[in-house]
Amino acid sequence: ELGHAAERFLQVARDSVIETEHGPVWAMLSIGAIILPGHAADANTAMARAEEALTEAKRMPSDGFVVYKPSQKLISERSINARAAHEIVACLKEDRFKLAFQPIVEAASKNVVMHEALLRMADARGDMIAAAHLIPIAEKLGLVRLIDRTVAQLTVSTLLAYPTANLTFNVSGITATDPRWFSQLTEILKAHREVTPRLTVEITETVALGDLDETVRFTRTLRDLGCRVAIDDFGAGYTSFRNLKALNVDILKLDGSFCANLTENPDNQYFVRSLIDMARQFEITTVAEWVETPEDAEFLRQWGADYLQGNLFGKASLDIPWPAEDGTIAEAPVAESKPPPGEAEAIEVEKIETKDAEPASAAPDVPPSPPREAPKARMPEPPPYVEDDEPDMSRLRLAIDALNAQFRQGRN
């Protein structure tokens with residue numbers, strides 16, 4: 001009967017024509033379903049599993065209908081997601097997210113001109129590892145905005161503590177194109193306008209092209225605050241001359257997959273040289289990523305790349321490369337858990353896209369100098385994680401809802 005009911009819905013959609021001012025539109029449906037009470041004991045679990053079925057239905061080449069079926073593969077995926085989500089919440093609460101810094105050098109002189117701030121996290125043993133594997137889970141669960149906010153706070157705090165630092169960091173597409181959350185980033189920057197001339201904010205090319213109007217607003221607002229704006233992974237998308245002019249960005253970071261092993265790939269040589277020439281026409285600074293060999297660096301220098309970034313010039317490291325205001329060398333500032341008063345914020349349970357770099361070495365054991373901190377977000381205690389054959393996703397979802405609710409309450 002469930003199948004017959006779903007087919008009737010699908011058929012109605014197939015036969016219906018939606019008239020609009022621009023002409024007729026046909027819609028197709030994807031339906032995910034779950035049989036109760038056999039496959040779920042509560043509403044949250046039922047919704048989570050219905051969403052899994054809907055995801056499967058959306059993968060079908062046309063409209064489709066899928067009923068949830070227990071799967072050991074899905075159970076394993078949920079277990080991984082549950083552990084990752086718990087780790088994210090714990091890192092946010094316990095200030096276990098840190099920044100590592102990778103140098104960006106001037107192509108001609110090889111002098112360091114800025115550093116990219118890359119996200120790292122301390123695992124349960126205290127070892128610092130790259131956090132890129134957590135980002136897809138954070139995006140799925142709606143936590144990536146909190147991570148973006150933490151990265152922004154840590155970056156601004158670092159700029160406040162180290163007056164000679166020049167930093168660039170990446171903002172996820174979800175945050176960049178969400179007006180409510182983008183306003184939170186701008187509030188942090190407005191409170192510390194003195195650091196914005198030393199700050200570059202990156203978004204990926206695919207995100208920039210996904211909603212051009214929002215991206216133009218994004219770049220205009222940040223540039224008005226004094227920041228520079230960079231398009232990351234440039235070359236991976238399909239930016240036209242017209243769009244590039246409309247975006248009005250300061251820096252193009254060339255996709256590292258095209259810049260690596262240039263000496264062995266004539267096609268990439270032609271493509272990268274063309275990208276650099278195009279950027280020069282628009283008077284936009286270029287940064288070539290993933291530079292690993294002196295030969296590739298020389299190619300890029302000859303073609304006119306302005307800056308180079310890659311392990312040839314230094315891996316991402318937790319070591320602080322600048323002196324603090326008092327002349328000492330210290331660890332990067334950590335984000336505290338105190339919210340500023342009077343800022344309202346909405347969070348929905350739904351990419352900061354961080355680069356996957358090598359695990360950084362531990363920072364030297366030197367007492368840090370007290371920095372001036374950017375605004376911080378309060379986080380509740382993370383729920384205990386229990387290893388089960390099949391994790392209680394409803395309990396995890398409720399824990400995330402509680403995190404968001406307490407965060408909103410702390411912001412009012």
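Let's start with a definition: a residue is buried when its relative accessible area is under 20%. Keep that cut-off in mind. One caution too: this is a predicted model.

First stop, His115. This residue sits in strand E6, residues 112-122. Is His115 buried or exposed? Its relative accessible area is 9%, so His115 is buried. Who are its contacts?

Now compare Ser16. You'll find Ser16 in the loop between helix H1 (2-15) and strand E1 (18-20). Its relative accessible area is 31%, so Ser16 is partly exposed. The side chain of Ser16 reaches back to the backbone oxygen of Val12, at 2.5 Å. Beyond four places in sequence, Ser16 is in contact with Val25 and Trp26. Look at Trp26. It is 10 residues from Ser16 along the chain, and their C-alpha atoms are separated by 6.7 Å.

Next, a pair of helices. H7 covers residues 179-190, and H9 covers 212-224. At what angle do H7 and H9 pack? About 10°, with the axes 11 Å apart. That angle makes H7 roughly parallel to H9. From H7, the residues that meet H9 are Pro179, Phe182, Thr186 and Leu189. From H9 come Glu214, Arg217, Phe218, Thr221 and Leu222. By type, that contact has 5 nonpolar, 2 polar and 2 charged residues. Notice the spacing of those numbers. An α-helix has 3.6 residues a turn, so residues three or four places apart point the same way.

Last stop, helix H12. H12 runs over residues 266-281, which is 16 residues. From first C-alpha to last, H12 reaches 23 Å, close to the 22 Å expected. What happens at its N-terminal end? Asn265 caps H12 there. A side-chain oxygen of Asn265 lies 3.2 Å from the backbone nitrogen of Asp267. After H12 comes Glu283, with a positive phi near 55°.

Which residues of H12 are buried? Asn268, Gln269, Val272, Leu275, Ile276, Met278 and Ala279. And what covers them? The cover includes strands E10 (228-234), E11 (251-254) and E12 (285-288). It also includes helices H10 (241-247), H11 (256-259) and H13 (294-303).

To recap: His115 is buried, Ser16 is partly exposed, and H7 is roughly parallel to H9. Thanks, that's my tour.

Terms used:
Residues numbered from 1 in each chain as written. Predicted model: local features only at pLDDT ≥ 70, side-chain atom pairs only at ≥ 80, totals over all residues. Heavy atoms only, no water. Axes fitted to C-alpha atoms, helices over the stretch in contact; angles between N-to-C directions. Helix = DSSP H or I, 4+ residues; strand = E, 2+ residues; numbered from the N terminus. Parallel < 35°, antiparallel > 145°, perpendicular 65-115°, else oblique. Contact = heavy atoms within 4.5 Å. Nonpolar A, V, L, I, M, F, W, Y, C, P; charged D, E, K, R; others polar. Expected span 1.5 Å × (residues − 1). Buried < 20%, exposed > 50% of the residue type's maximum accessible area, 1.4 Å probe, protein only. Polar contact = N/O pair within 3.5 Å; in protein donor to acceptor, adjacent residues only side chain to side chain.
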